[in-house]
Amino acid sequence: MVTTLVGTNLNEQVYDELRTRLLTRRHPPGAKLSLHQLAAELGVSRSPVHHALTRLVSEGLLSVRPRRGYYVSPVTARAAAEGYDVRLALELMAAERTVGHVSRKELERFDELFEATAAAISHDEWDAANAAFHEHQVHMAGNALLSDVYRSLSVNLLMQVIRGGRVEGHADLVTEHRRIVDAFHARDLGAAEDAIRAHIETGRRIALEAIERAGGVL
């Protein structure tokens, strides 16, 4: 089916469309994507499609093979486990530099972002609220490079692929968010680290169980 995109910012429109397709696995893992075919299907020139594909490669949702093209990156148990290991290391580093050293304004913002995760109904709302919550958690460390690395961490996108539009264990995840926030308010680094570890392990478990149900790859 041909989808004609219109508007002034075709780069963003094409990127959003292709990103949504990849996150919902409309293109299966390992599938080759044709720049020419996508441009014809979306009713645009090749330039915005190339721009979008390049961004999606940088996010880990696609891989590019010289002289062969773009391919949908599979999500394996190893990739998910390694991603969560890196995420845990970054969040613990941020907590070590943050707990007991943040302003009231930053903590109030943390509270607001927690409430947004608790109130999320759709998976789109959850994805946005959850990302904002954890990015602020890391941002409070005041290290711009750390924030950039964390924001670009592919495991956060991989989890959207793994869920396929579903939010598993929402109540448990919100409870874990509350424990993290409470530890920051109490200026208790040990409790914050324990809460962060427990939360990361929940995400890892959900991911690995979903991959196993899918036969080892998504």
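Start by selecting His 136: at 11% relative accessibility it counts as buried (buried means under 20% relative accessible area, exposed over 50%, partly exposed in between, with a 1.4 Å probe and protein chains only). You'll find His 136 in helix H6; helices (H or I, at least four residues) and strands (E, at least two) are DSSP runs, numbered from the N terminus.

Before you go on, a word on ground rules. This is a predicted model, where local features need pLDDT of at least 70 and side-chain atom pairs count only at pLDDT 80 or more, while totals for chains, interfaces and linings use all residues. Residues are numbered from 1 along each chain as its sequence is written, and side-chain values use heavy atoms, with hydrogens and water left out.

Stay on His 136 and show its polar contacts (pairs of N or O atoms within 3.5 Å; within protein, one must be able to donate a hydrogen and the other to accept it, and residues adjacent in sequence count only if both atoms are side-chain atoms). Its side chain reaches the backbone oxygen of Glu 106 at 3.0 Å. Leaving aside residues up to four places away in sequence, His 136 touches Glu 106, Arg 109, Phe 110 and Leu 113, where contact means heavy atoms within 4.5 Å.

The structure holds two aromatic pairs; rings of Phe, Tyr and Trp (its six-membered ring) pair if their centres lie within 6.5 Å, and planes under 30 degrees apart count as stacked, over 60 as edge-to-face and the rest as tilted. Phe 110 and Phe 133 are stacked, at 4.7 Å centre to centre with 25° between the planes. Phe 110 lies in helix H5 and Phe 133 in helix H6, so this pair ties together parts that are 23 residues apart in sequence.

Phe 110 and Phe 184 are both buried, and Phe 110, Phe 133 and Phe 184 form one aromatic cluster.

From there, select H9, residues 170–185. At 1.5 Å a residue its 16 residues should span 22 Å, and the end C-alpha atoms are 23 Å apart, which agrees (the expected span is 1.5 Å times one less than the number of residues). What do its buried residues pack against? Look for helix H4 (77–98), helix H5 (104–119), helix H6 (123–139) and helix H10 (189–213).

Arg 55 lies over the face of Tyr 15, 3.6 Å from the ring centre, and the charged end of Arg 65 sits over the ring of Tyr 71, 3.7 Å from its centre. (A charge sits over a ring if NZ of Lys or CZ of Arg is within 6 Å of the ring centre and within 35 degrees of the ring normal.)

Finally, colour by pLDDT, the predictor's confidence in each residue, from 0 to 100. Confidence is lowest in helix H8 (residues 154–163), at a mean of 67, and highest in H5, at 96.
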